[in-house]
Amino acid sequence: MSATAWPRRLLALLMAAAGLALWQGHGRWWQLPDRHNPWAPLSLTEPPGWLTRHKLRRLSDEPAACLAFLRRTPMQFEPQPDRVTGPGCGLTNAVRLRRTQLQLGDAFVLSCPAAASLALWEQHVLQPAAQATLGQPVVRLLHYGSYACRNVYGRAEGARSQHATADALDVSGFVLRNGRRITVAGDWPGDDDASRFLRQVHDGACGLFDGVLGPDYNRAHADHLHLDRGPYRLCR
Ligand SMILES: [Zn+2]
């Protein structure tokens with residue numbers, strides 16, 4: 001017997017054990033939880049984890065799966081036909097949102113992937129932060145809408161904004177169940193519970209959206225949080 005036979009046998013034994021474990025994984029007594037299973041569809045209720053961004057990205061490539069996810073949330077919406085509205089502007093797999101788990105005031109059009117991020121953010125970031133910091137749930141989202149065929153900052157030249165494809169949402173504030181109103185413009189600069197709450201929901205958005213910009217980024221964002229799904233990751 002050669003000197004390398006034993007390590008090889010040990011390796012074979014380990015592979016057999018791993019194979020057995022995988023085979024038994026199909027049995028009843030052991031099931032990979034959905035949040036650790038890359039093939040399981042995204043669920044609203046499972047806490048975000050290491051696969052959440054992967055699953056959100058996959059929804060961008062699978063319009064039907066994205067709409068199916070939204071139907072598993074409290075969102076009320078109508079799918080919108082794809083259309084091109086100008087150079088670099090238009091809608092692809094967008095929905096008209098009438099409400100999320102929150103009242104919205106005016107309905108607005110948002111791409112399905114951005115709506116999926118919004119649903120997760122409300123469930124796992126916004127409401128827990130509101131309960132922990134303010135002792136109340138949020139009932140209403142204040143916003144400046146989403147879709148606008150324009151460049152970044154509305155400049156004549158330069159890159160198209162994520163708003164041009166309804167992949168971005170500008171959130172200006174929140175109303176709590178007791179009627180208290182928290183606004184980015186009024187409450188971000190302070191050092192109280194409302195300010196802490198706004199910073200928590202800003203920071204928490206960075207894990208679920210791609211671009212997140214708030215008042216600390218520049219004066220153009222002094223009165224809202226810009227939340228987008230796009231090619232760039234930015235958390236400022
Ligand atoms: Zn924006």
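Trainee: What makes Cys89 and Cys149 a disulfide?

Mentor: The sulfur distance. In this predicted model, the sulfur atoms of Cys89 and Cys149 are 2.0 Å apart. The cut-off is within 2.5 Å, so the pair qualifies.

Trainee: Why is the disulfide of Cys89 and Cys149 called right-handed?

Mentor: Look at the torsion about the S-S bond. For Cys89 and Cys149 it is about 85 degrees, so the disulfide is right-handed.

Trainee: Which parts of the chain does the pair link?

Mentor: Distant ones. Cys89 is in strand β3, residues 89–91. Cys149 sits in the loop between β6 (138–143) and β7 (168–176). The two cysteines are 60 residues apart.

Trainee: Why does Cys89 count as buried?

Mentor: Its relative accessibility is 4%. Buried means under 20%, so Cys89 counts as buried.

Trainee: And what does Cys149 count as: buried, partly exposed or exposed?

Mentor: Cys149 has 37% relative accessibility.

Trainee: How many disulfides does the structure hold?

Mentor: It holds 3. Another one joins Cys66 to Cys112, with an S to S distance of 2.1 Å. That is within 2.5 Å, so this pair also meets the definition.

Trainee: What is the handedness of the Cys66 and Cys112 link, and why?

Mentor: The torsion about its S-S bond is about -110 degrees, so the disulfide is left-handed.

Trainee: Where do Cys66 and Cys112 lie?

Mentor: In two helices. Cys66 is in helix α3 (residues 63–71) and Cys112 in helix α4 (residues 112–134), so the pair ties together parts 46 residues apart in sequence.

Trainee: How do you know that Cys66 is buried?

Mentor: Cys66 has 0% relative accessibility, so it counts as buried. Cys112 is at 0% too, and therefore counts as buried.

Trainee: Which cysteine does Cys206 join?

Mentor: Cys235, at 2.0 Å from S to S. With 80 degrees about the S-S bond, the link is right-handed. Cys206 lies in the loop between α6 (193–205) and β9 (211–213), and Cys235 in strand β11 (residues 234–235). They are 29 residues apart.

Trainee: What pattern do the disulfides follow?

Mentor: Count the bonded cysteines along the chain. The pattern is 1-3, 2-4, 5-6.

Notes:
Residues are numbered from 1 along each chain as its sequence is written. This is a predicted model: local features need pLDDT of at least 70, side-chain atom pairs count only at pLDDT 80 or more; totals for chains, interfaces and linings use all residues. Side-chain values use heavy atoms; hydrogens and water are left out. Helices (H or I, at least four residues) and strands (E, at least two) are DSSP runs, numbered from the N terminus. Buried means under 20% relative accessible area, exposed over 50%, partly exposed in between (1.4 Å probe, protein chains only).
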